[in-house]
Amino acid sequence: MSIQTQGNTLTFASIDGDAGLKAALAMSRADIIDTVADSGMKGRGGAGFPTGMKWNFAGSEKGDKKYVICNADEGEPGTFKDRVILTEFADLVFAGMTIAGRAIGASEGIVYLRGEYTYLRSPLNAVIKKRRADGLLGKDVCGVKGFDFDIIVALGAGAYICGEETALIESLEGFRGEPRNRPPFPVVAGYRYAPTVVNNVETLASAACIFAKGVDWFKSFGTDRSTGFKLFSISGDCARPGVYEFPFGITVADLLKEVGGEAAKAVQIGGASGHCVPASEFGRRIAFEDLSTGGSIIVLGPGRDMLAVARNFMEFFVEESCGQCTPCRVGNAKLLEGVEMLQRGECSMKYLQELLGLCETMQLASKCGLGQSSPNAFVSIVKHFKDEIMGRTLVH
Ligand SMILES: Cc1cc2nc3c(=O)[nH]c(=O)nc-3n(C[C@H](O)[C@H](O)[C@H](O)COP(=O)(O)O)c2cc1C
Ligand code: SF4
């Protein structure tokens with residue numbers, strides 16, 4: 001395992017994504033997909049699905065119409081790294097989308113841009129316009145006969161659930177942003193029921209880097225099972241919050257040192273839907289095989305009231321649940337009610353156990369990732385901070 005700390009210098013800044021695009025376009029479609037698969041890259045949006053495999057599924061589907069969607073909805077509480085990538089390295093993202101388009105046989109790319117990032121629409125369109133003028137988008141991209149690919153920017157509907165890929169697709173089609181039943185997965189039947197690859201902003205930018213610098217270079221960062229470098233949005237009780245890049249495999253303790261958060265009593269890894277890691281576990285590594293995250297890291301200082309933290313997250317999920325399925329719609333409301341009972345010192349141990357049972361039901365029976373992951377923070381806070389929580393609770 002090789003780990004090199006990058007500190008706050010973003011590798012993206014030193015990469016010529018269009019060199020990557022040209023290198024990819026010199027390959028066959030199958031070789032492009034194999035290269036991404038060989039790199040071992042997993043999606044940077046949170047779920048960590050292998051990117052090469054996703055592109056392979058979409059590429060293997062028949063059909064003359066396919067789509068590449070860049071998920072720029074960035075709604076996870078505590079996440080703001082995609083905004084930085086889109087602001088500073090849009091060319092890398094567009095190069096990555098074009099490579100994905102070539103790989104799967106798509107001619108259209110769509111950036112689904114978080115509603116609150118409306119101010120980015122015009123600068124992104126300006127970059128797209130320039131790329132068309134430079135022959136990097138449009139007809140016969142980079143002079144490759146028959147490879148036509150263009151990109152548009154669509155504005156998101158302003159709900160957290162619209163970041164979930166099937167809800168995103170529904171929203172793009174003009175419907176209410178609610179998750180679809182799966183299967184079929186978007187790689188088979190996605191936007192307009194055509195094969196569609198949905199990738200995170202950072203995944204696509206990283207794909208361009210792989211072609212610019214090579215698979216071995218990419219694999220020299222990170223761990224065997226989590227290759228490459230990762231951007232993190234770091235906020236909360238630390239001296240130097242911001243967007244950082246670290247290789248996968250960094251320990252929570254080392255990360256806290258970099259950002260001036262050594263005094264933390266806990267760190268929420270993966271945003272509201274992630275896990276709360278106590279100080280006793282700061283030796284753990286941030287990687288898909290240990291602590292997985294799309295990049296949101298919230299530092300919780302010694303003065304933090306953990307029930308207030310749990311309440312904040314549960315209020316968010318009650319607000320953001322789309323309401324389609326019962327475990328999530330009712331479960332999140334019951335969990336919030338439980339946190340409020342705990343705050344008033346009115347929750348018995350027996351009822352707390354029932355709430356943990358409800359969490360299991362939600363994780364197993366909810367239709368999409370929102371309800372499957374919304375109990376995570378509550379469960380980990382109860383597990384690691386039981387004394388603090390029960391300190392104000394009547395134990396029956
Ligand atoms: C409630 C919810 C919200 C999500 N929000 C985002 C988001 O804002 N950005 C994102 O890239 N992925 C988000 N995802 C994950 C996407 O469904 C999908 O897995 C991801 O875009 C795939 O890209 P990747 O393979 O490059 O990571 C969300 C998932 C859920 C369940
Ligand atoms: S889990 Fe929640 S957000 Fe997902 S479909 Fe069910 S109600 Fe909607």
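I take helices (H or I, at least four residues) and strands (E, at least two) as DSSP runs, numbered from the N terminus. The model is predicted, so I keep local features only at pLDDT of at least 70 and side-chain atom pairs at pLDDT 80 or more, while totals for chains, interfaces and linings use all residues. Residues are numbered from 1 along each chain as its sequence is written, ligands are numbered from 1 in the order in which they are written, and side-chain values use heavy atoms, without hydrogens and water.

**Loop between α7 and β4.** I found Arg192 in this loop. Its phi is positive, near 50°. Arg192 is exposed, at 55% relative accessible area; buried means under 20%, exposed over 50%, partly exposed in between (1.4 Å probe, protein chains only). Pro183 lies in the loop between α7 and β4 (196-200). I noted a cis peptide bond from Arg182 to Pro183, omega near -5°. Another cis bond joins Pro183 and Pro184, with omega about 5°. Most peptide bonds are trans, and most residues other than glycine have a negative phi.

**Glu74.** Glu74 sits in the loop between β1 (67-72) and α4 (81-88). Glu74 is buried, at 6% relative accessibility.

**Cys162.** I placed Cys162 in the loop between β3 (150-155) and α7 (165-172). Cys162 is buried, with 2% relative accessible area. From Cys162 to Gln343 I read 32 Å, C-alpha to C-alpha, and 181 residues in sequence.

**Ligand 2.** I listed 13 residues around ligand 2, each with a heavy atom within 4 Å of it. The closest are Cys322, Gln324, Cys325, Cys328 and Cys368.
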